[in-house]
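Visitor: Hey, can you walk me through this one? I'd like to start with the ligand.
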Amino acid sequence: MKKIVVIGSGISGLSISRMLSDEYDVEIVEKDPKFGGLIKCERIEGNLFHRVGGHVFNSRNNVVLDWFWSHFDKDKEFLSATRNAKIRLNGEFVGYPIENYLYQLPEQQLKPIVNELMDKLSEEKLQTTDYSNFKDFLIGNFGEELYKLYFGPYNTKIWNADLAEVPLEWLDGKLPMPKLREVLLSNILKNEESTMVHSTFFYPRRDGSQFIVNRLSEGLSINCSYQVQSIDFIENKGLSINNNDKIVNAIVYCGDVRQLSEIVHIKDDALQLAMKNVTDLVSNGTSNVLCETDDNDISWLYLPEEIFKAHRIIYTGNFSETNNEGSNRKTCVVEFSGKQDQQEMIKELGNLPGNLKPLAFNYEPNSYIIQNHNTRKNIALLKSLLKPYGVFLLGRFAEWEYYNMDKCIEAAMELKEENF
Ligand SMILES: Cc1cc2nc3c(=O)[nH]c(=O)nc-3n(C[C@H](O)[C@H](O)[C@H](O)COP(=O)(O)OP(=O)(O)OC[C@H]3O[C@@H](n4cnc5c(N)ncnc54)[C@H](O)[C@@H]3O)c2cc1C
């Protein structure tokens, strides 16, 4: 039986391991003491803390859904919900996505936005749909006014980057772009959002995404606190991990692609150059605070305004009652972009709605990947040069793709289909 080591125990590593373990001898190695990667959670005095984000699940791909639900009892083990997301503007709550709820804006803000959209509509046929960067794309689709009010400030906070420098490839299939006519109609008819992937979602009745980790890891061989520091290729023998500590036939790498050039010591100039070419990719981290909050019925609250340092609140306590077991209030996660000082964050919580009381903190250095114009080309080349040695890249940070959990599962399926 061929031996495969999967590096990383996030959703990507767990999924591919399950897919391969019938036919291969698969071992997962994980540098962290706990498995689960970004989607692992912990209990803080009974309350569930999503240490990164507030993971909910859905997919538009039926094959992914079938695979996922083959591991869970959808009705007994999961709750299904419709997203109730809001945007905090001028001290009020406006519906999300904002373009469907323009009618909720004050008149003086609404007028210039509608004027601009009407102008755009009359020039529709003349307009380009071929944008070279994220900023032009947002202005082209929604106008300068809406960009200034919401899209610019919010996305600048999240990306911590000049949006004119962010290319568009990552958007592929991510944001279904409404036509201007649909936007105006939605506002007149007061249509609810429906086309976005998480407009309805599934969430485990207990333990959030940790429940997904626990189930998918059942029966797998996982070696935690094991960091892969070197990979060598030995002719007629295979791949050697950490100076012959393990000799294997194939490796699926789900870690950070930028670290590969330090880890992979295979003597191949083209490969070494391809690994060097991805070392300067940029990612943005997030600082999360688990808080107690006053009750509300919101799932996500977006905070575009500069007066708030945080960029969103995820009301994870509303996803499942069992998330609030340590408190007689509800819980939520406040997300800040980048690494923030704890005292600063505590001060900031006082400006946010809900009488927030902090319970726990986490900083994750790798949350949002930022692609540049060459990223996809460089990663594709790197994959093709690693493949002959039996090394494969999988996941958000190995492929440097803006994957959600479902996309990680889909990528694992494709990897298996094409290579194993
Ligand atoms: C803020 C935020 C909110 C999100 N919300 C959602 C959501 O609601 N729904 C959704 O579907 N998706 C969501 N996502 C996306 C989702 O988190 C990712 O798609 C997914 O978790 C990526 O999994 P992964 O296995 O590819 O990577 P990771 O989870 O990062 O796993 C990689 C693992 O590899 C390990 N590793 C790395 N290098 C080594 C090494 N050398 N040796 C051993 N181990 C190593 C790491 O420790 C890590 O555990 C969100 C992401 C963020 C950042």
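Predicted model: local features only at pLDDT ≥ 70, side-chain atom pairs only at ≥ 80, totals over all residues.

Visitor: OK, and how far is the polar side-chain atom of serine 12 from a ligand oxygen?
Guide: That distance is 2.7 Å. Valine 56 has a polar backbone atom 2.7 Å from a nitrogen atom of the ligand.

Visitor: How much of the ligand's accessible area does the protein cover?
Guide: 94% of the 1000 Å² that the ligand has on its own.

Visitor: Which residues come nearest to the ligand?
Guide: Ser12, Glu30, His55, Val56 and Tyr403, out of 34 residues around the ligand. By type, the shell has 15 nonpolar, 14 polar and five charged residues.

Visitor: And which helices or strands supply at least two residues of that shell?
Guide: Helix H1 (11-20), strand E18 (357-370) and helix H13 (405-419) each do.

Visitor: Switching to domains: how is the chain divided?
Guide: Into domain 1 (3-33 + 224-280 + 371-419), domain 2 (37-96 + 193-207 + 282-369) and domain 3 (98-189). Domain 1 and domain 2 each give at least three residues to the shell around the ligand.

Visitor: What area is buried between domain 1 and domain 2?
Guide: About 1900 Å², with carbon and sulfur atoms giving 67% of it. On the domain 1 side, Phe397, Met405 and Asp406 lose the most area to domain 2, together 28% of what that side buries.

Visitor: How far apart are the C-alpha centres of those two domains?
Guide: 29 Å. The contact involves 22 residues from domain 1 and 24 residues from domain 2.

Notes. Residues numbered from 1 in each chain as written. Heavy atoms only, no water. Near = heavy atom within 4 Å. Polar contact = N/O pair within 3.5 Å; in protein donor to acceptor, adjacent residues only side chain to side chain. Areas by Shrake-Rupley, 256 points an atom, 1.4 Å probe, with all protein chains shown as cover. Helix = DSSP H or I, 4+ residues; strand = E, 2+ residues; numbered from the N terminus. Nonpolar A, V, L, I, M, F, W, Y, C, P; charged D, E, K, R; others polar. Domains from an automatic or database assignment. Contact = heavy atoms within 4.5 Å. Buried area = accessible area lost by both parts, 1.4 Å probe.
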